[in-house]
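Subject: A structure for you to explore

Hi,

Here is the structure I promised to pass on to you. Please open it beside this email and follow along as you read.

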Amino acid sequence: MRRYNSVEPVAELRDVHFIGEGKQELLHGVSLSVMPRERLLIAGPNGSGKSTILRIMENIVQPSEGEVHLFGNNMNNLSQDARQQIIRERVGVGFQAAMLDEGRTVAENISSLHDTTREGRPNRRHAAELLVTLGLRGMLDRRANTLSGGEKQRVAMARLLLPAPELILMDEPTASLDSGGAYGK
């Protein structure tokens, strides 16, 4: 893998095409770049390819044509293992559904994959600070099955943000939040 230069785009699509099921062309010559600390919103009607762009950037599907670059690496030229390593270590992915383990606490859901101390225990302080920011003060020990849909989505957002990924990809992350929850309290 190539060493990343922070003046380059963190993500870039170059003339990407994607042919879906039924030979339908979902993307035709899409090019975009995302610079460090830049926010990019992709808007369009249902079926216009927004989620497909994210799935390509997440390495879930491969483009039919064109190049995908993450952190200066042409993903087309890397092995599947190397592509997955970049995604796992440097990219945070947020989903439309919270996908929490309903029987676990908020702290367990947030910290299950990330941010542990040297002893391997979850870093509760960091998780608690993040929950305050997201309007969920004092909820670390609540079970996920006791939360509202919007609260679950904010817990999922905390899980995404905890490891401080360099690139965050989200597909309709605020769909189940009310206006107060979407912007914090």
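Strand β1 (residues 11-19) runs antiparallel to strand β3 (residues 65-70), and 5 bridges pair them. Two strands count as paired here if DSSP finds at least two bridges between them. The helices (H or I, at least four residues) and strands (E, at least two) are DSSP runs, numbered from the N terminus.

Before you go further, please keep in mind that this is a predicted model: local features need pLDDT of at least 70, side-chain atom pairs count only at pLDDT 80 or more, and totals for chains, interfaces and linings use all residues. Residues are numbered from 1 along each chain as its sequence is written, and side-chain values use heavy atoms, with hydrogens and water left out.

Back to the strands: if you look at Leu-13, you will find Val-68 of β3 opposite it. β3 also pairs with strand β4 (residues 73-74), again in the antiparallel sense, over 2 bridges. There, His-69 is opposite Asn-74 in β4. Together β3 and β4 make a hairpin with 2 residues between them, and in the turn Phe-71 has a positive phi of about 55°.

**Salt bridges**

Side chains of opposite charge can pair when their charged atoms come close. I counted a salt bridge wherever a side-chain nitrogen of Lys or Arg is within 4 Å of a carboxyl oxygen of Asp or Glu. How many salt bridges does this rule give? The count comes to 6.

Glu-67 has 30% relative accessibility, so it counts as partly exposed; the term buried is kept for under 20% relative accessible area, exposed for over 50%, and partly exposed for values in between (1.4 Å probe, protein chains only). Arg-14 is partly exposed too, at 37%.

Arg-90 forms a salt bridge with Glu-166, and the closest N and O atoms are 2.7 Å apart. Because Arg-90 lies in helix α2 and Glu-166 in the loop between α5 (149-161) and β6 (167-170), the pair ties together parts that are 76 residues apart in sequence. Is Arg-90 buried or exposed? At 18% relative accessibility, Arg-90 counts as buried, whereas Glu-166, at 43%, counts as partly exposed.

Arg-90 has another neighbour to look for: its C-alpha atom is 6.5 Å from that of Leu-167, though the two residues are 77 residues apart along the chain.

**An enclosed helix**

Why is helix α1 (residues 50-57) described as largely enclosed by the rest of the structure? The reason is that 6 of its 8 residues are buried. The buried ones are Lys-50, Thr-52, Ile-53, Leu-54, Ile-56 and Met-57. They pack against β1, β2 (25-34), β3, α2 and β6, where contact means heavy atoms within 4.5 Å. Just after α1, Asn-59 takes a positive phi of about 70°.

Enjoy exploring!
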